[in-house]
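Below is a short report on a ligand shell and the elements around it. Start with the model itself.

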Amino acid sequence: MPLPKAELHLHIEGTLEPELAFDLAARNGVKLRYADTEELREAYRFEDLQSFLNLYYELMTVLRTERDFEDLANAYLTRAAAQGVRHAEIFFDPQAHLARGLDMRTVVEGLWRALGRSEENHGVSTRLILCFLRDESADSALETLEAARPYLDRITGIGLDSAEVGHPPAKFRQVYETAAGLGLRRVAHAGEEGPPEYITQSLDLLGIERVDHGLRCMEDPELVERLVRERVPLTLCPLSNVRLRTVDTLADHPLPAMLDAGLLCTVNSDDPAYFGGYADDNFRAVRESLGLTEERLRELARNSFLASFLEDDEERRARYLAEVDAYVF
Ligand code: HPA
Ligand SMILES: [Zn+2]
């Protein structure tokens, strides 16, 4: 049985496995430019974030109906449960779907058909986080938040993803302010490819409560000190970092140094269908490549629940933490 954990950095569109992509393409009459799953897998060699995003946006065009989003989420939850995930806070990218003519209802209600029954069906509690695409305009983000208003009972928070460099957090100040006024929790990708200043800006201008990635904080000792002092969680994604060449090899990953510095780190899978592993695959990879001790792994699992948005269900959080404490490696 894998270590119990929460997954806090997971793009549902990034869980689209090649087999499901072809099934949905056939179901919806969408033509993919790959002959089969093998040829598609050949395309999974990325130079950087953008080269991955190009394929990520291309493949998600097979998602068209509520049932497609439901099937996608159920496939993820099945895999996540098998990897010890007890709680998942799941990102989705509505702008990428609205731009293709889908409506917000199809996306949110489709996902909810799986998420709303996830505890009974998979034993996984869930939250949904709406991400804005930072390479789209601030106005588009505001329009997307407006389109999501009827569904806010399904949505816990907002995030910021897609191409980071050249799209500073400051651009999204207004939409984050509006979202805060609506009672939404706030996170943002920062310091994956972008500079440490993007992390600082996300904290100061967007009021974020967690940093997604945040790897490049290590270039700024003062920022590290602040993140430690303010107990700001970081959602790290080690296999993603290797595949997108943010680090050269897993053995070079700064996770041990980050833990030693006192940062509240968590380990997550990001886009597991593309990066070669789900949540526990990431845990096992860092254990093997970085020689993390069992107590370090337990700390990472504890951190995942401490950093989760379970404030509305502290009883559940306590139960999950007790499971981590009782886990025998
Ligand atoms: O790793 C990521 N980074 C930024 N945007 C993304 N959208 C999906 N995955 C990612
Ligand atoms: Zn991500």
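The shell around ligand 1 holds two nonpolar, five polar and four charged residues. Here Ala, Val, Leu, Ile, Met, Phe, Trp, Tyr, Cys and Pro count as nonpolar, Asp, Glu, Lys and Arg as charged, and the others, Gly among them, as polar. The members are His11, Gly14, Leu49, Tyr56, Asp161, Ser162, His189, Glu192, Ser240, Asp270 and Asp271. A residue belongs if its C-beta atom, placed from the backbone, lies within 6 Å of the ligand.

This is a predicted model: local features need pLDDT of at least 70, side-chain atom pairs count only at pLDDT 80 or more, and totals for chains, interfaces and linings use all residues. Residues are numbered from 1 along each chain as its sequence is written, while chains are lettered from A and ligands numbered from 1 in the order in which they are written.

Glu192 sits in the loop between strand 5 (185-190) and helix 10 (196-206). Glu13 lies in the loop between strand 1 and helix 1. Helices (H or I, at least four residues) and strands (E, at least two) are DSSP runs, numbered from the N terminus. A residue is buried if 20 or more other C-beta atoms lie within 10 Å of its own, exposed if 12 or fewer, and partly exposed in between, with C-beta atoms placed from the backbone. Contact means C-beta atoms, placed from the backbone, within 7 Å.

Glu13 and Asp270 are 257 residues apart in sequence, yet 9.9 Å apart C-alpha to C-alpha.

Helix 3 (residues 49-59) has Leu49, Phe52, Tyr56 and Leu59 buried. Seen down the helix 3 axis, these buried residues fall within an arc of 105°, so they line one face. The arc is that of the directions from the helix axis to the C-beta atoms. Their cover includes helix 1 (18-28) and helix 14 (272-275).

In strand 1 (residues 5-11), seven of the seven residues are buried, so the strand is largely enclosed by the rest of the structure. Strand 1 pairs with strand 2 (residues 85-92) in the parallel sense over five bridges; pairing requires at least two DSSP bridges. Ala6 has His87 of strand 2 as its bridge partner.

Methods:
Contact = placed C-beta atoms within 7 Å.
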